[in-house]
Amino acid sequence: MPIDVVIRGILSPLFIASILRISTPIILPALGGLISDLAGVINIALEGIMLVSAFAGVIVSAYTHNVWLGVLAGMVVGILYALLLALFHLYLDTDIILAGIALNIMAAGGTIFLLFILTGDKGNSSTLASGAVPTVTIPFIDSIPWLGTIFSGHNIFTYLAFIFTGLVYVFLYKTPMGVHLRAVGENPVAAESVGINVKRTQAIAIALSGFFASLGGLSLSMAYLTLFQNNMTAGRGFIALAAVFLGGRTPLGTTIASIIFGFADALANQFGSLDIPPQWVQMIPYAATVIALVIYSLRRQAKQRERLRRFQEGEIDDTKTAEAGSD
Amino acid sequence: MKKVLQSSAMRELLRVLIAITVALTLGFIITVLVSDDPIGAYKSFLFGPLTKLNRFGDWIEESITLIFLGLAVALVFKAELFSLGQEGQMVLGALAAGAVALFVPLPGYLRIPLAIMAAMVVGFLWGLIPGYLKAYLDANEIVSTLMLNVIALKIYEWLLTYSIKPPDAGYTASATFTAEGTMPTFFPPIPFLGELRTLFMQQTNISIALYLMIIATVVVYYLMYHTPFGYELRMVGANIKFARYGGINTKRTIVLAMAVSGILAGLAGAHVAGGIHRKLILNITFGLGFEGIIVAILARNNPLLIPFTGLAYGYLRAGADVMERTSDMSREMVLVIQAVIILLVTAERIMPMIQKRIRTNRAQRNGDPPADAEVIPAKGGD
């Protein structure tokens, strides 16, 4: 396929709509990763949580013939799985990274194992009739030519991803719980000394990250596709983690970073029709993540140098220095 | 020294044994619930690798890979660097070793060492990247190594498909290595054991990688505990700020730790390419990259223990393969067992809890008040 067709494809509203669709299963777990990261507990298990939720949603919806019971089951399983991480890390002193790795391994193995028992197939759940969440047609916008294609007709998880971006912002910056959570992440000892229950706060943060990761997993198996595939998350949990760092650990930044990854992924799909090795194209999102990490680090270092320079020139007063020092 | 070894090593051993027992029991419960012939299935899982010479060979071959990877992980984890890049370093190591084995027209006694060297160099270089990102840009090494793994895998698939695969091949794989490019058998040509040697060569692919593995274990131990680099590595792991104040060039240590770890993962790649498969195939690592983490954790990052944990862990995996082939259970059950083992071994509180329970019970039996005030150090090993 010639290059101009590809370029025209990229400029079409359908392509932009596909970016939003592809970004959804990254934005949701990334918001979860953000919350736990701000609470000082890095959640490596996002990938595994997404997987068990995607699986639970498909299985329950297939056996109950009820989509919403599937969604509910996926959320409950995801939160419980995250609480397992909290239990081991906070109360049994397991290193959080090792516990996260263990839960990811268990999720990968356990879902395939159960899938094989239930369907006799290790690849996917196509023999089960699992449900799909409905798509939403936005009344007025839908009829506008370009905007309608871009913004209307997505599945509910896509809209949830953006709604939650706002809600997470409100939660983190405008509620006492959110402020406590960030305080715990900044300096657990200081938070403890003013009477915040550090472990409980971190446990809540991990549970919340489980909730968001479960939505991400469900969006994969009950919206993006309508079946479960073995290892269908394909590293999205880790990409979500990268999005948190790239987004400067803020809700809006995290969502934008997730969309950048979604863009790289959608681009890879478009380039797939060109006559170049598919491996090059498949590499794009991962290479983009590494480059993004570099850019984020360089930016942060530049910021620190700037701060140091201003501090040395005596431009900022003491209260601001304290704030800068805590970063 | 001896005393420390005895007490903490014993506690570690006990901890690992308890974890494995609990995990295997759980595995058995799952098997009973699922299988039509649970006893047969579990028997093939537990004893399968010992029932035939070729299965024994599979076990040893996979264990060698696991031990190389475990050593690679131990090196970085000792410095508290959570590099998960072994998979990528391994696959590129296999690529480098395979390319030399296939295309460099040298006699075997030169080509094979060159292939091994190439794998080591490539592993080292691929490890430099996340090391540099971590040391100089403070980029999260978990994320960077995971991304680099996928990139490495794609480079491998691309070169294999477009450059290495013979044009007339029906599926994506290289030509089989000639004898000049294959690692020779580990069995030395001893006069009276000629028949046994032939048997081993026919039934197994255990190669000189076995000796490389032993050498690597000793070298990593020596490096870690008897060289300045090892000291710096351990200091960075124990307390990076303190290490920096102590005048250690922590940045250099971090970069080197990641890169040297890559050498060992590269060796694992050379072993799977030149020792086991004797050609380059798609998915050559079989997802083993992450398994090195478990081997290292079980050994508490102690290089001298890694051969043992590698063999034990390889045994579980080999048993799972036999089970899958001979019963109605799927091998993924072992992943669940693995996860439980990691969780139980790394949960610092579990052993002290059990010890405390035992002590309280004993105290109550003796009529003493429970020894609550006694604090048992939660940290085992280091």
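Contact here means heavy atoms within 4.5 Å. The views below are drawn from a predicted model, in which local features need pLDDT of at least 70 and side-chain atom pairs count only at pLDDT 80 or more, while totals for chains, interfaces and linings use all residues. Residues are numbered from 1 along each chain as its sequence is written, chains are lettered from A and ligands numbered from 1 in the order in which they are written, and side-chain values use heavy atoms, with hydrogens and water left out.

View 1. Leaving aside neighbours within four places in sequence, P13(A) is in contact with W146(A), T149(A) and I150(A). The C-alpha atoms of P13(A) and T149(A) are separated by 6.1 Å, although the two residues are 136 residues apart along the chain. P13(A) counts as buried because its relative accessibility is 17% (buried means under 20% relative accessible area, exposed over 50%, and partly exposed in between, with a 1.4 Å probe and protein chains only). Helices, here and below, are DSSP runs of H or I with at least four residues, and strands are runs of E with at least two, numbered from the N terminus.

View 2. With a relative accessible area of 0%, S36(A) is buried. Not counting residues up to four places away in sequence, S36(A) touches V41(A), N43(A), A205(A) and S209(A).

**View 3. Overall architecture of chain A, with 14 helices and 0 strands.** Read from the N terminus, the elements of chain A run α-α-α-α-α-α-α-α-α-α-α-α-α-α. Taken along the principal axes, the C-alpha atoms of chain A fill a box of roughly 65 × 50 × 40 Å. The radius of gyration of chain A is 21 Å, which agrees with the value near 20 Å that a compact globule of 327 residues would have; this radius is taken over C-alpha atoms, and the globule rule is 2.2 Å times the number of residues to the power 0.38. Of the 327 residues of chain A, 52% count as buried. Among contacts in chain A between residues at least 6 apart in sequence, 74% join residues at least 24 apart.

**View 4. Packing of helix 3 (residues 46-64) against helix 5 (residues 96-119) of chain A.** Two packed helices are described by the angle between their axes and the distance between the axes. Here the axes lie 7 Å apart and the angle is about 20 degrees; axes are lines fitted to C-alpha atoms, for helices over the stretch in contact, and angles run from 0 to 180 degrees between N-to-C directions. Helix 3 of chain A is therefore roughly parallel to helix 5 of chain A (angles under 35 degrees count as roughly parallel, over 145 as roughly antiparallel, 65 to 115 as roughly perpendicular and the rest as oblique). Their crossing is left-handed, a term used if the near helix is turned anticlockwise from the far one by less than a right angle, with right-handed used if clockwise. Helix 3 of chain A contributes E47(A), G48(A), L51(A), V52(A), F55(A), I59(A) and Y63(A), and helix 5 of chain A contributes N104(A), A107(A), A108(A), T111(A), L114(A), L115(A) and L118(A). By class, this contact has 10 nonpolar, 3 polar and 1 charged residues, where Ala, Val, Leu, Ile, Met, Phe, Trp, Tyr, Cys and Pro count as nonpolar, Asp, Glu, Lys and Arg as charged, and the others, Gly among them, as polar.

**View 5. Packing of helix 4 (residues 86-103) against helix 6 (residues 141-164) of chain B.** The two axes come within 7 Å and cross at roughly 20 degrees, so helix 4 of chain B and helix 6 of chain B are roughly parallel to each other. The crossing of these helices is left-handed. From helix 4 of chain B, Q86(B), E87(B), G88(B), V91(B), L92(B), L95(B), L102(B) and F103(B) meet N149(B), A152(B), L153(B), I155(B), Y156(B), L159(B) and I164(B) in helix 6 of chain B. The residues of this contact divide into 11 nonpolar, 3 polar and 1 charged.

**View 6. D138(B) in the loop between helix 5 (108-137) and helix 6 of chain B.** Phi of D138(B) is near 55 degrees, a positive value in a residue other than glycine. D138(B) counts as partly exposed, at 45% relative accessibility.

**View 7. R278(B) in the loop between helix 11 (250-277) and helix 12 (291-298) of chain B.** Phi of R278(B) is positive, near 60 degrees, in a residue other than glycine. The relative accessible area of R278(B) is 26%, and R278(B) is therefore partly exposed.

**View 8. Y109(B) in helix 5 of chain B.** Y109(B) counts as exposed, at 66% relative accessibility. A distance of 9.1 Å separates the C-alpha atoms of Y109(B) and G181(B), which are 72 residues apart along the chain.
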